[in-house]
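Here's a quick briefing to read alongside the model.

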Amino acid sequence: MFEGPMEDRLAIRERIDAYGGAVMRHDAEAWIACWHEDGVWRLPGIDVTGKAQIKAAWTQAMTAFAVAGFFAFPGEIRVDGDRASARVFTQEILVGRDGSVRRILGAYRDDLVRTGGAWLFARREYTILHDEAEQ
C-alpha cells in the first residue's frame with residue numbers, strides 16, 4: 001500500500017497536510033498551490049479542470065462555511081518515478097454561515113505529478129462515504 005522512496009512519500013504526505021491546512025484557514029492561494037496547472041478536481045456533481053477554474057469553484061464553495069474542519073490521512077501512497085497515486089481518507093466538519101453543521105466522511109483517489117521538484121495534485125476524485133447534517 002505504501003511503495004516508493006520514503007522521501008517522496010513524505011513529500012506527498014506533506015502535500016496532503018498542506019491542502020488540509022489551507023482548507024482550515026480558508027487560504028485559497030495556499031490551497032491552489034497544491035495543484036498542477038492542468039489539474040482535474042472531481043466531486044459529486046462537479047468536474048473542474050485547470051487551476052483557475054478549480055480555484056474559482058473552491059472559492060465559491062467556501063463562501064458557504066464559517067468554519068471548515070478538514071482532516072485527512074493517506075491509506076495508500078504509491079510512487080513510480082515522477083508520478084504517484086494515493087488514496088486519502090477524509091473527515092470534514094463544515095459549519096455553515098447559518099449555524100448548520102455537516103459531517104462528512106470521504107475518500108480521494110489521487111494522481112500526483114512531480115513538477116519542478118514538488119509533488120502536485122494532477123487529479124483528485126472525491127467520493128462521499130457518509131454524510132450527516134444537523135440544523
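The protein chain has 3 helices and 7 strands, where helices (H or I, at least four residues) and strands (E, at least two) are DSSP runs numbered from the N terminus. Going along the sequence, you get the pattern β-α-α-β-β-α-β-β-β-β. The radius of gyration of the protein chain is 15 Å, close to the 14 Å from the globule rule for 135 residues, so the chain is as compact as a globular protein of that length. That radius is taken over C-alpha atoms, and the rule is 2.2 Å times the number of residues to the power 0.38.

**Ground rules**
- Keep in mind that this is a predicted model: local features need pLDDT of at least 70 and side-chain atom pairs count only at pLDDT 80 or more, while totals for chains, interfaces and linings use all residues.
- Residues are numbered from 1 along each chain as its sequence is written, and side-chain values use heavy atoms, with hydrogens and water left out.

**The chain as a whole**
- The C-alpha trace of the protein chain spans about 45 × 30 × 25 Å along its principal axes.
- Buried residues make up 41% of the 135 residues; buried means under 20% relative accessible area, exposed over 50%, and partly exposed in between (1.4 Å probe, protein chains only).
- Take the contacts (heavy atoms within 4.5 Å) with a separation of 6 or more: residues 24 or more positions apart account for 54% of them.
- The protein chain exposes about 7200 Å², with carbon and sulfur atoms supplying 54% of it; the areas come from the Shrake-Rupley method with a 1.4 Å probe, and for residues, only the protein chains shown count as cover.
- On the charge side, the mean positions of the 17 positive and 21 negative charges are 0 Å apart. Lys and Arg count as positive and Asp and Glu as negative, with His and the chain ends not counted; each charge is placed at NZ of Lys, CZ of Arg, CG of Asp or CD of Glu.

**The nonpolar core**
- In soluble globular proteins, nonpolar side chains tend to be buried together.
- Here a nonpolar core is a set of buried Ala, Val, Leu, Ile, Met, Phe, Trp, Tyr and Cys residues joined through side-chain atoms within 4.5 Å.
- The largest one has 32 residues, and the members touching the most others are Ile12, Tyr19, Val23, Trp31, Trp35, Trp41 and Tyr108.
- Elements giving two or more residues to this core include helix 1 (6–25), helix 3 (51–62), strand 5 (83–96) and strand 7 (118–134).
- Strand 4 makes the largest contribution to this core, at 6 residues.
- Setting aside residues up to four places away in sequence, Val23 touches Trp31, Trp58, Met62, Ala68 and Phe70.

- Most residues other than glycine have a negative phi.
- His26 has a positive phi of about 55° although it is not a glycine. You'll find His26 in the loop between helix 1 and helix 2, partly exposed with a relative accessible area of 30%.
- Thr59 sits in helix 3 and is partly exposed, with a relative accessible area of 36%. The C-alpha atoms of Thr59 and Trp31 are 9.9 Å apart, across 28 residues of sequence.

- Ala107 lies in strand 6 and is buried, with a relative accessible area of 1%.
- Ala107 and Gly75 are 32 residues apart in sequence, with 9.5 Å between their C-alpha atoms.
- Arg109 is also in strand 6, but partly exposed, with a relative accessible area of 45%. Leaving out residues up to four places away, Arg109 touches Glu76, Ala86, Arg87, Arg123, Arg124 and Glu125.
- Arg87, in strand 5, touches Phe73, Pro74, Gly75, Glu76, Ala107, Tyr108 and Arg109, again not counting residues up to four places away in sequence.
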